[in-house]
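Subject: The structure to go with our chat

Hi,

Here is the structure I promised to send over. Please have a look at it first, and then read on for my notes.

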Amino acid sequence: MPRPHHRLAVRAGAGALLSVTLLGLGPAVAQAASDCPPGRTAAADRVSEPRFAGRTLHLSYDNGFGFELRFEGDRTAHWKVLAGQDPAEGTVAVDYREERPGVYRLKWTEADGTTVEQVQDWRSRTVSAVIETGSDGTRERIELRGTFKPVC
């Protein structure tokens, strides 16, 4: 006889399948629902705010850089270096636009003048970024590609 938690998992799986089938929701929307804490649904969020709003993301770039991005709504983010660089963190004002459903282009400038332009693709959970740093009139440009994981 299955344990009680197994029945719950089967019911939740069937419910997700039912919502995908009957409501015509794409697999990306159904997947996003599993990334949310109890009481928060991706379908409700999509109507009023971008997918990243109010969430924490862990980003892993191909060059070994790792960051945490904690969005406070859709216009403020706190970033923190997790790997590949000296420890650093900061809070920034974020500008964004939705390029197409589930794909967002974000831009911000950090306190030291570093600019970041980032594209998040929530369908494939991929991210690309262009980071420009420098002082005294010289700028260094770094192009990055990687993945992200919502940790809510």
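A word on the ground rules first. This is a predicted model, so to speak of local features I needed pLDDT of at least 70 and for side-chain atom pairs pLDDT 80 or more, while totals for chains, interfaces and linings use all residues. Residues are numbered from 1 along each chain as its sequence is written, and side-chain values use heavy atoms, with hydrogens and water left out.

**The sheet**

Nine strands make up an open sheet, in the order β4-β3-β2-β1-β9-β8-β7-β6-β5, with antiparallel pairing. The edges are β4 (89–93) and β5 (95–100), each of which pairs on one side only. On average, neighbouring strands of this sheet are turned by 25 degrees against each other, direction ignored. As for terms, helices (H or I, at least four residues) and strands (E, at least two) are DSSP runs numbered from the N terminus, and two strands pair if DSSP finds at least two bridges between them. Axes are lines fitted to C-alpha atoms, for helices over the stretch in contact, and angles run from 0 to 180 degrees between N-to-C directions.

Strand β1 (residues 56–61) has partners on either side. Five bridges pair β1 with β9 (residues 140–150) in the antiparallel sense; here Ser-60 stands opposite Thr-147, and Tyr-61 has Gly-146 as its bridge partner. β1 also pairs with β2 in the antiparallel sense, over five bridges, and Leu-57 is partnered by Leu-69 of β2. The hairpin of β1 and β2 has four residues between the strands, and Gly-64 in the turn shows a positive phi of about 100 degrees.

Another hairpin is worth a look. β5 and β6 run antiparallel and are joined by five bridges, with Val-103 of β6 as the bridge partner of Arg-100. Two residues lie between these strands, and Gly-102 takes a positive phi near 80 degrees.

Arg-125 sits in the loop between β7 and β8 and is buried, at a relative accessible area of 15%. (Buried means under 20% relative accessible area, exposed over 50%, and partly exposed in between, with a 1.4 Å probe and protein chains only.)

**The largest pocket**

The largest pocket holds about 360 Å³ of space. Its lining has 21 residues, and those nearest the centre are Phe-67, Trp-79, Gln-85, Glu-110 and Thr-114. Two or more lining residues come from each of β1, β2 (66–71), β3 (76–83), β7 (115–121) and β8 (126–133), and β8 gives the most, with three. By type, the lining divides into 14 nonpolar, four polar and three charged residues.

The terms here: a pocket is an open set of points on a 1 Å grid over the protein atoms alone, where a 1.4 Å probe fits, with protein on both sides within 12 Å along at least five of seven lines, and lining residues have an atom within 4 Å of a point. Ala, Val, Leu, Ile, Met, Phe, Trp, Tyr, Cys and Pro count as nonpolar, Asp, Glu, Lys and Arg as charged, and the others, Gly among them, as polar. A volume is the space filled by probe spheres set on the points, which are joined across faces, edges and corners.

Trp-79 belongs to strand β3 and counts as buried at 11% relative accessibility. The C-alpha atoms of Trp-79 and Val-92 are 7.9 Å apart, although 13 residues separate them along the chain.

**Aromatic rings**

The whole structure has seven aromatic pairs (rings of Phe, Tyr and Trp, the last by its six-membered ring, with centres within 6.5 Å; planes under 30 degrees apart are stacked, over 60 edge-to-face, the rest tilted). One of them is edge-to-face: Phe-52 and Tyr-104, with ring centres 5.4 Å apart and planes at 90 degrees. Phe-52 lies in the loop between α3 (42–48) and β1 and Tyr-104 in β6 (residues 103–109), so this pair ties together parts 52 residues apart in sequence. Both residues, Phe-52 and Tyr-104, are buried.

Tyr-61 and Phe-67 also pair edge-to-face, with centres 6.1 Å apart and planes at 75 degrees. Tyr-61 is buried at 7% relative accessibility, and Phe-67 is buried at 12%. Finally, ring pairs link Phe-52, Phe-71, Tyr-96 and Tyr-104 into a cluster.

Best wishes
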